[in-house]
Amino acid sequence: MKILVTGGLGFIGSHTVVELQNEGYEVVIIDDCSNADEKVLDGITAITGKKPVFEKIDLKERSKVEEFFKRHQDIEGVIHFAASKAVGESVEKPLLYYENNIGTLVYMLKELSKKNSASFIFSSSCTVYGQADTMPITENAPVKPAESPYGNTKQIGEEIIRDTCKVTPGLNAIALRYFNPMGAHPSSEIGELPIGVPQNLVPFITQTGVGLREQLSVFGDDYPTSDGTCVRDYIYVVDLAKAHVVALQRLLGGKNKDNYEVFNVGTGKGSTVLEVIKSFEKVSGRKLNYKIVDRRPGDITSAYADTTIANKELGWKAQYTLDQAMKSAWDWEQKIRS
Ligand SMILES: NC(=O)c1ccc[n+]([C@@H]2O[C@H](COP(=O)([O-])OP(=O)(O)OC[C@H]3O[C@@H](n4cnc5c(N)ncnc54)[C@H](O)[C@@H]3O)[C@@H](O)[C@H]2O)c1
Ligand SMILES: O=c1ccn([C@@H]2O[C@H](COP(=O)(O)OP(=O)(O)O[C@H]3O[C@H](CO)[C@H](O)[C@H](O)[C@H]3O)[C@@H](O)[C@H]2O)c(=O)[nH]1
């Protein structure tokens, strides 16, 4: 069975391609390499023993998307990762984000609407909840006004899919709301490769640990949490990748209860920034150089998932601990810097 993975050379996409191939799916990747390297294909091939088909296409070019689907009429499912994801950049360049994250989604859905049946998985984010009123966050928590154009593209994206599914009987979709993905494949063949200075906590920690950055700034220790630092739900990227496979299987097997569904993908456990640092120090055996600085504008105090619905409906549960995920991130960082 042939599955299209857009953004399949990226961080989460590449790990998902591995899990799909391990399950026997035939994978076609589309990526424009705007935030990834073609070498990722070698990593995927080394792990799975199979090189996925790769087409370098910019999904903003609608005619190329149309032409792709004409050539690949047997595609039965699409996992749509391709998007721009830097929150700060989205504030500076909102139209770039609306074009890349919303425009490409519309083109994709237009093509899938032409088919008799299609399954579609969308990369959403817990950012849609903003600072939720209660923890853990269930899928029924209200969607709060977005803090950034990036966050808005996830909210609007979900609405576009919901509205399209309502009038397109052959289209079945699932939006997965990721909490905080981290880590790398245990083989260290693929992992997270941020361009420039990492904006996210875990790659900043591992880059500091390996000596690429001098010091981690911890953004605020005066939040109302156990140690004053913010709480997040860090989900191992391999667990997250597996959630995509089971979500896809749910749609392909006709087991979905609605033709548009939403699931949280997290561990259900919150960790503070200082706990994440402790985990790094434990698995690496190194002291991390960090200092407490002012809060980062826009940060919420706490976000962790209620995964009851995902556990029950998808039959999926995160398996790896923070320490295991951190160890994989550290192994990967050391490998790419050696
Ligand atoms: N990493 C996170 O913390 C996180 C959290 C929640 C949601 N998400 C979402 O998950 C998805 C994947 O995230 P990631 O961390 O793997 O990001 P990533 O940047 O590593 O992967 C995205 C991939 O899409 C490609 N791409 C971007 N625009 C494209 C276009 N126009 N045409 C073709 N390819 C294009 C990039 O080259 C890249 O390889 C994104 O939609 C992101 O918004 C990520
Ligand atoms: O150098 C850093 C980087 C981060 N942090 C702290 O570490 C925590 C996690 O920060 P990240 O930037 O890694 O993740 P966020 O939860 O802030 O946000 C990210 O994950 C979200 C959940 O999916 C959304 O996708 C969002 O768009 C994306 O940037 C936050 O408390 C942040 O203040 C630091 O202290 N120092």
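Two strands are taken to pair if DSSP finds at least two bridges between them. Helices (H or I, at least four residues) and strands (E, at least two) are DSSP runs, numbered from the N terminus. The structure is a predicted model, in which local features need pLDDT of at least 70 and side-chain atom pairs count only at pLDDT 80 or more, while totals for chains, interfaces and linings use all residues. Residues are numbered from 1 along each chain as its sequence is written, and chains are lettered from A and ligands numbered from 1 in the order in which they are written.

**View 1. Strand β6 and its parallel partners.** Strand β6 (residues 171–178) is joined by 6 bridges to strand β11 (residues 260–265), and the two run parallel.

**View 2. The crossover from β5 to β6.** Together with helix α6 (residues 149–166), β5 and β6 make a right-handed β-α-β unit. Right-handed denotes that, with the strands pointing away from the viewer, the path from the first strand over the helix to the second runs clockwise.

**View 3. The contact between the domains.** The chain is divided into domain 1 (2–181 + 236–265) and domain 2 (201–232 + 268–306 + 319–337), with bounds from an automatic or database domain assignment. Their C-alpha centres lie 26 Å apart. Domain 1 gives 17 residues to the contact and domain 2 gives 14 residues, where contact requires C-beta atoms, placed from the backbone, to lie within 7 Å.

**View 4. The shell around ligand 2.** Ligand 2 is surrounded by 21 residues, the closest being Ser 125, Asn 200, Leu 201, Phe 219 and Cys 230 (C-beta atom, placed from the backbone, within 6 Å). Elements giving two or more residues to this shell are α7 (201–209) and β8 (216–219); β8 supplies the largest share, 4 residues. Both domain 1 and domain 2 give residues to the shell, so ligand 2 lies between them.

Note on methods: Contact = placed C-beta atoms within 7 Å.
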